[in-house]
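Subject: Structure handover and findings

Hello,

Here is the structure we spoke about. Please open it alongside this message; my notes follow below.

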Amino acid sequence: MNKRYQAVIFDLDGVIVSTDHYHFLAWSKLAEQEGIEFNEQINHRLRGVSRMESLEIILEKAKKSYTQDEKRKLAERKNEVYRSLLGQLNENDMLPGVPETLSALRERGYQIAIGSSSKNTPVILERIGLSGYFDAVADGNGIVHSKPDPEVFLLAASQLGVPSAACLVVEDAEAGVIAAKRGGMAVAAIGEARSCKEANYSLETIADLLQYV
Ligand code: B16
Ligand code: MG
């Protein structure tokens, strides 16, 4: 088979499942408790970036400064709220077209992987019934630098044993598009990331991916 790509690496939040709203609710609660301004525009900047980096962005509006220890506790508090919201997740929360697209890729002989900044990736995959489904899972637990650094995607490619040039990444965040390009991979953008000039393909729905592989 003469194919341009051997593997497809999926971002998780915003591509496979819509956990972005839960992140928003959890950060909103923390910001309100701390008396820090927080809105959709600030939330937009948190997509694809790590928990601690997200906190730093939120604290730009804080009226006091926080020690490292206090910041760690704030991040923990946000994560507790987020984890309790994840308790509501189930298979029906997969974004439209996801199960069909994943099985079509498998039938066509592609390897499939997750490349997510989230340290909650294992619990999310379990809740939506995709635990053990992917050939590789690279997430926030296995990396030092989060998107836009390419580390998570390079880790996924190395777990798969596939060169970067043969990987296609699917992303919904600008930070993720930049990360994939820096890693030498092609990118299919969905959702908000469709406005990124750097993306190779623009997907209205995830099933559109099947046109490009
Ligand atoms: P956690 P992705 C990212 O997931 C989210 O988009 C981002 O908003 C979040 O801060 C990050 O995971 C870390 O999540 O707090 O669960 O470790 O889009 O890379 O799948
Ligand atoms: Mg995402």
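Where is the place of Pro 148? Pro 148 sits in the loop between S3 and H7. The peptide bond from Lys 147 to Pro 148 is cis, with omega near 15°. Helices (H or I, at least four residues) and strands (E, at least two) are DSSP runs, numbered from the N terminus.

Some ground rules. This is a predicted model, in which local features need pLDDT of at least 70 and side-chain atom pairs count only at pLDDT 80 or more, while totals for chains, interfaces and linings use all residues. Residues are numbered from 1 along each chain as its sequence is written, chains are lettered from A and ligands numbered from 1 in the order in which they are written, and side-chain values use heavy atoms, with hydrogens and water left out.

A salt bridge here is a side-chain nitrogen of Lys or Arg within 4 Å of a carboxyl oxygen of Asp or Glu. The pair links distant parts of the chain: Lys 147 is in the loop between S3 and H7, Glu 171 is in strand S4, and they are 24 residues apart. Lys 147 counts as buried at 1% relative accessibility. Glu 171 is buried too, at 0%. Buried means under 20% relative accessible area, exposed over 50%, and partly exposed in between (1.4 Å probe, protein chains only).

Helix H7

H7 covers residues 151-160, and its buried residues are Val 152, Phe 153, Ala 156, Ala 157 and Leu 160. Seen down the helix axis, these fall within an arc of 135°, so they line one face of H7. The arc is that of the directions from the helix axis to the C-beta atoms. An α-helix has 3.6 residues a turn, so residues three or four places apart point the same way. What covers the buried residues of H7 includes strands S1 (7-10), S2 (111-115), S3 (136-138) and S4 (167-171), and helix H8 (174-182). Contact means heavy atoms within 4.5 Å. Just after H7, Gly 161 takes a positive phi of about 75°.

The magnesium site

Which residues coordinate the magnesium ion (ligand 2)? They are Asp 11 (OD), Asp 13 (O) and Asp 172 (OD), at 2.0 to 2.2 Å. Asp 11 lies in the loop between S1 and helix H1 (20-34) and Asp 172 in the loop between S4 and H8, so the pair ties together parts that are 161 residues apart in sequence. Donors are N, O and S atoms within 2.8 Å of the metal (3.2 Å for Na, K and Ca); water is not among the atoms, so sites may look incomplete. Asp 11 is buried at 4% relative accessibility. Asp 172 is buried, also with a value of 4%.

Two domains

The domain assignment gives domain 1 (7-18 + 93-211) and domain 2 (20-86). Such bounds come from an automatic or database domain assignment. The domain centres, taken over C-alpha atoms, are separated by 24 Å. Between the domains, 14 residues of domain 1 are in contact with 14 residues of domain 2. The area buried between them is about 1300 Å², and carbon and sulfur atoms give 42% of it. In domain 1, Asp 13, Asn 120 and Glu 192 lose the most area to domain 2, together 36% of what that side buries. Buried area is the accessible area (1.4 Å probe) that two parts lose on being put together, summed over both.

Salt bridges

The structure holds 12 salt bridges, and 2 of them are found across the domain interface. Glu 192 pairs with Arg 47, with the closest N and O atoms 3.3 Å apart. Arg 47 also meets Asp 20 in a salt bridge of 2.8 Å, N to O. Asp 20 lies in helix H1 and Arg 47 in the loop between H2 and H3, so the pair ties together parts that are 27 residues apart in sequence. Both Asp 20 and Arg 47 are buried. A network of salt bridges links Asp 20, Arg 47, Asp 172 and Glu 192.

Best wishes
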